[in-house]
Amino acid sequence: MTVLGIETSCDETSAAVIRDGTLLSNVVASQEFHSRYGGIVPELASRAHQRLIVPVVEEALAKAGCTSGDLGGVAAVHGPGLIGSLLVGLSFGKAYAYGLGIPFVGVNHMEAHIFSNLIDDPKPEFPFVNLTVSGGHTQLVAVNGLFQYDMLGETLDDAAGEAFDKVAKMLGLGYPGGPAIDRLAREGRGSAIRFPRPFLNDASFNFSFSGLKTSVLYYMKNNGLDEQSLAGTSELRDIAASFQQAVVDVLVGKTMRAALERRVRSVAVAGGVAANSALRRAFEQATAEHALKLFYPRTEFCTDNAAMVALAGHEKLQRGMASRFELAARPNLELT
Ligand code: KG4
Ligand code: ZN
């Protein structure tokens, strides 16, 4: 079965083709212009998706060496995400499938992130614990089997990537901030400033990053520091490294506790923040200590992409789980 996957939940327009579980193409058009505004502008994202969706789908089909006539189904994300962005990919996907007379299936974006670790070999075996950390989400999920999830915890305020982006903005590092902080932190000392580890010892598996971001702001204020005075200094590198260390400690600490409580053999990390080098190192060390296997997607599958959507859709369609064409976009769609 050949399935076209479509992802337009935020600011990447992406299409991918998968055949019998093997990925044939994955085309991602990133809307770089949002960096000018210091964050994603929803209305502009939606308009860009409208402009890009047809060429991106055409390119994905061409790269896969197939035509629309080869498709056996179409999958598109229907939530969670920005409503205007979701509507473009979902409406296109439904109309395309309807026109071709083939089944359509809606995919949950957070479920697709979990599937990003199931694209390449080796794959985690069920059950495993999955941490998805991106600009919009921080979710810890027990993946018990195909489509079987227990939500363990979520962020109660800012997502991990959002905290990276907001702190980077305060430090004058531009948007998106995650990669900039990651780079700077390599030359800084993670133990220089003891920022709080929110909820680390809390009994739940929930997260909170908004207070940590405020602690960085107060640290700057109390020490008379601002974007200009910090530029190019070792103090800037220490703040970046210490903030990053606090985020990493919380993410790794909670995920490892979940993995041990659930007695799983594998831990999977997904989402844009999964690209963070300090997070990877910390996870490598922690999983090795407990003889657990660690899984990361390829970098192109960490950030939003349609390959993970195509795979989730392929697995659903193979099991007859098609959606009705009435399926609506749901900005706050839950995983479970
Ligand atoms: O998954 P993604 O592309 O989009 C969302 O669904 O949000 O994730 C983007 C997020 C941004 O917040 C960005 O700052 C963060 O991932 N990010 C990183 C790194 N690379 C991207 N955060 C920390 N370290 C990185 N190396
Ligand atoms: Zn995402």
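Me: Which residues does the domain assignment give to domain 1 and to domain 2?
Reply: The model is predicted. In the domain assignment of its chain, domain 1 is written as two segments, 2–114 and 301–318. Domain 2 is given as 125–296.

Me: How many residues of domain 1 and of domain 2 are in contact?
Reply: The centres of the two domains, taken over C-alpha atoms, are separated by 27 Å. Contact is counted for heavy atoms within 4.5 Å. On that basis, domain 1 contributes 14 residues and domain 2 contributes 18 residues.

Me: What is the area buried between domain 1 and domain 2, and which residues of domain 1 lose the most area?
Reply: The buried area is about 1300 Å², and carbon and sulfur atoms give 71% of it. On the side of domain 1, three residues together account for 45% of what that side buries. These residues, which lose the most area to domain 2, are M110, I114 and C302.

Me: How many salt bridges and how many residue pairs in polar contact are found between domain 1 and domain 2?
Reply: The count of salt bridges between the domains is 0. For polar contact, both residues of a pair are at pLDDT 80 or more. The number of such residue pairs across the interface is 2.

Me: Which element gives the largest share of the side of domain 1 that touches domain 2?
Reply: The elements that give two or more residues to this side are α3 (109–115) and α11 (307–318). By class, the residues of this side divide into 6 nonpolar, 5 polar and 3 charged. The largest share, 4 residues, comes from α3.

Technical notes. Residues are numbered from 1 along each chain as its sequence is written. Chains are lettered from A and ligands numbered from 1 in the order in which they are written. This is a predicted model: local features need pLDDT of at least 70, side-chain atom pairs count only at pLDDT 80 or more; totals for chains, interfaces and linings use all residues. Side-chain values use heavy atoms; hydrogens and water are left out. Domain bounds come from an automatic or database domain assignment. Buried area is the accessible area (1.4 Å probe) that two parts lose on being put together, summed over both. A salt bridge is a side-chain nitrogen of Lys or Arg within 4 Å of a carboxyl oxygen of Asp or Glu. A polar contact is a pair of N or O atoms within 3.5 Å; within protein, one must be able to donate a hydrogen and the other to accept it, and residues adjacent in sequence count only if both atoms are side-chain atoms. Ala, Val, Leu, Ile, Met, Phe, Trp, Tyr, Cys and Pro count as nonpolar, Asp, Glu, Lys and Arg as charged, and the others, Gly among them, as polar.
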